[in-house]
Amino acid sequence: MAEKKAAKRGKIRVTQVRSLSGRPDKHRRTMEALGLKRHQSSVIHEDTPAIRGMIQQVVHLVSVETVE
């Protein structure tokens, strides 16, 4: 059997920097799924492909930085 390598994933901080006012419902639901509730709020997530995909949908509304 093939062994899966345990890749050490880092953490990223996602901060909402733009308002959701006038944005499509899909963007609002994605921001809610990320845990961002209001302008200038921040959350820390594991750096996974699923989280990166959600960030890619709302990249114009958030800033992303790595956390050590």
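Thr15 stands opposite Ser42 in strand E2, where strands are DSSP runs (E, at least two residues; helices are H or I, at least four) numbered from the N terminus. The model is predicted, so that local features need pLDDT of at least 70 and side-chain atom pairs count only at pLDDT 80 or more, while totals for chains, interfaces and linings use all residues. Residues are numbered from 1 along each chain as its sequence is written, and side-chain values use heavy atoms, with hydrogens and water left out.

The chain contains two helices and three strands, and along the sequence these follow the pattern β-α-β-α-β. Of the 68 residues in the chain, 26% are buried, where buried means under 20% relative accessible area, exposed over 50%, and partly exposed in between (1.4 Å probe, protein chains only). Among contacts (heavy atoms within 4.5 Å) between residues at least 6 apart in sequence, 73% join residues at least 24 apart.

The three strands form an open sheet in the order E2-E1-E3, with antiparallel pairing; two strands pair if DSSP finds at least two bridges between them. Strands E2 and E3 (62–67) are the edge strands, each pairing on one side only. From one strand to the next, the twist averages 25°. Strand E1 (residues 11–16) runs antiparallel to E2 and is joined to E2 by five bridges. In E2, His45 is the bridge partner of Ile12.

In a regular strand the side chains alternate between the two faces of the sheet. His45 lies in strand E2 (residues 42–46) and counts as buried because its relative accessible area is 18%. Leaving aside residues up to four places away in sequence, His45 touches Gly10, Lys11, Ile12, Val14, Leu34 and Ile51. The side chain of His45 reaches the backbone oxygen of Leu34 at 2.7 Å. This is a polar contact, defined as a pair of N or O atoms within 3.5 Å; within protein, one must be able to donate a hydrogen and the other to accept it, and residues adjacent in sequence count only if both atoms are side-chain atoms. Between His45 and Thr66, 21 residues apart in sequence, the C-alpha to C-alpha distance is 9.8 Å.

Helix H2 (residues 49–57) lies across E1, E2 and E3 and runs at about 20° to E1. Axes are lines fitted to C-alpha atoms, for helices over the stretch in contact, and angles run from 0 to 180 degrees between N-to-C directions. The axes of H2 and helix H1 (residues 25–34) come within 9 Å and cross at roughly 145°. In the contact between the helices, Lys26, His27, Thr30, Ala33 and Leu34 of H1 meet Ile51, Met54, Ile55 and Gln57 of H2. By class, this contact has five nonpolar, three polar and one charged residues; Ala, Val, Leu, Ile, Met, Phe, Trp, Tyr, Cys and Pro count as nonpolar, Asp, Glu, Lys and Arg as charged, and the others, Gly among them, as polar.

Thr30 lies in H1 and counts as buried because its relative accessibility is 8%. The side chains of Thr30 and Gln57 are joined by a polar contact of 3.0 Å. With residues up to four places away in sequence not counted, Thr30 touches Met54, Gln57 and Val58.
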